[in-house]
Amino acid sequence: AIAPFQEMQRMKALAEMDGEEADTQGREDEYEDLRKAQCRHRAGIVVASAMALSCFILALVSFAQQRPRHHNNFFSRGLDLSDPADNMQAWLKTRLSFEDNSVTWFWFSGEIFEQRDGSKGKKLFHFEGFNAARYVEVEGGYEVITREMGVYRDKDSGAILEQWESPEAGKVDVIHVWNDPVNWKTNLSRSIEYGGTEYTQMGDRVSFPMRIWMDKESDLSVAEYPMNAQHDRYQASEMFEFWVDKRDLEDPSPSAPATVSWTRIGPWLPWMCYGQQQGHLVYSTSGFKLRSYREIPAELREYVERHDRTYMDAPTHYETPNQSSFKYFAQLYRQRKEAADVLFEQLRAAGLEEGVVGLVEQAVERYGLGRMLEEGLYREVKQALGLAEDEGSEAEELGSGSAVVDATAVRAAVSAYEAVPKNVLRREEQ
């Protein structure tokens, strides 16, 4: 529209200089048409912009409705921890993350002590591990879906232990923690059971306790597992404390940075082979909420990736029952006993005398937690039968005197065992 208008103005100016009236009707008509078209164009842009803005606003509203709204509840009015709904959502934001399908990692590290009547605590192990968790919102509450692992380390060197010298049974296998799943539910009426409701606040500093009391029939009975079960009932307590900054809870982000302490008092671990001795274990650990799996210390990540890569993620669905170290031990014990049964069949098939097979059975029964799947039975059987270190020594009368066995027979028994296909033995790694 500018070009016709400028031409029209030029024509008028030239005509005035000549004392004439310029004939600009054509240009005026062209200008008017272009001006009207431009107005229509501008009106179209305004309408289209308004429609686009409306669609954008509707999309934002829809997106906000699809995402969890819990961490947005506190902004306009501030967080009130005395309100049950605010309290539970603040607790879940501390323990988990409201970001869609994200995994929350809590890493911990500390020490394990044994304590007996009349004595101070004695450090046995360094302990390190992590928990991987996500949540699912269900009607009336939440399902918290997790798995956890932990490794026992040498109390001095810090090396991850595969064997440990038990005062009662000599060298025993160290069975690390592989608990999958460890799930729980929470809602407003029972949030006190797994954190929430109770809290301590000083200014912007907030802590949430999580106290778990366990008293049930043990997965390991003294009669069936005399070297591994301390009691027929399983009693233990675990005390967590989660610390968080109130300002982080009120922040619009879906998760809040947090630290944790974990104290546990419980019975002897089954693989320690302490039997029914008096006393208990005390765990004292602390840790941090991490942003990703990659923040877990490299050595621990490498151990997980070598042994069980499922722990690189949290579970995706809720299931029961939960796993525990005692239940895992019982499952592993049964697997190894089945492998030993295969061994005995092989020994008999190899033509060894029944007396020799019986002695090997006794050795496996007593040293069933030795590294029989990893290194064969040779060293354990030899130790159990009391054979001299010199493999060429003369045969000795062992046990009740009903059987005579020498190192050659033991080697034959072990060779027969080691000939069993590994898939039949069902090694722990598989």
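How many contacts beyond four places in sequence does the model have for residues 65-69?

A: Six, and pLDDT stays under 50 over residues 65-69. Here pLDDT is the predictor's confidence in each residue, from 0 to 100, and a contact means heavy atoms within 4.5 Å. This is a predicted model, where local features need pLDDT of at least 70, side-chain atom pairs count only at 80 or more, and totals for chains, interfaces and linings use all residues. Residues are numbered from 1 along each chain as its sequence is written, and side-chain values use heavy atoms, leaving out hydrogens and water.

Now for some context around residues 65-69. Averaged over the chain, pLDDT comes to 78, with 66% of the residues at 70 or more. Residues 420-430 form another stretch where pLDDT stays under 50, and for that one the model has 21 contacts beyond four places in sequence.

For a contrasting kind of detail, have a look at helix 5, residues 298-307 (helices are DSSP runs of H or I, at least four residues; strands are E, at least two; both are numbered from the N terminus). Leu 300, Arg 301, Tyr 303 and Val 304 are buried there, meaning under 20% relative accessible area with a 1.4 Å probe, protein chains only. Those four sit on the same side of helix 5 because they cover an arc of only 160° around the axis, taken from the directions from the helix axis to the C-beta atoms. And what do the buried residues of helix 5 pack against? Strand 1 (104-115), strand 2 (122-138), strand 3 (141-154) and strand 6 (177-179).

Definitions and conventions: Buried means under 20% relative accessible area, exposed over 50%, partly exposed in between (1.4 Å probe, protein chains only).
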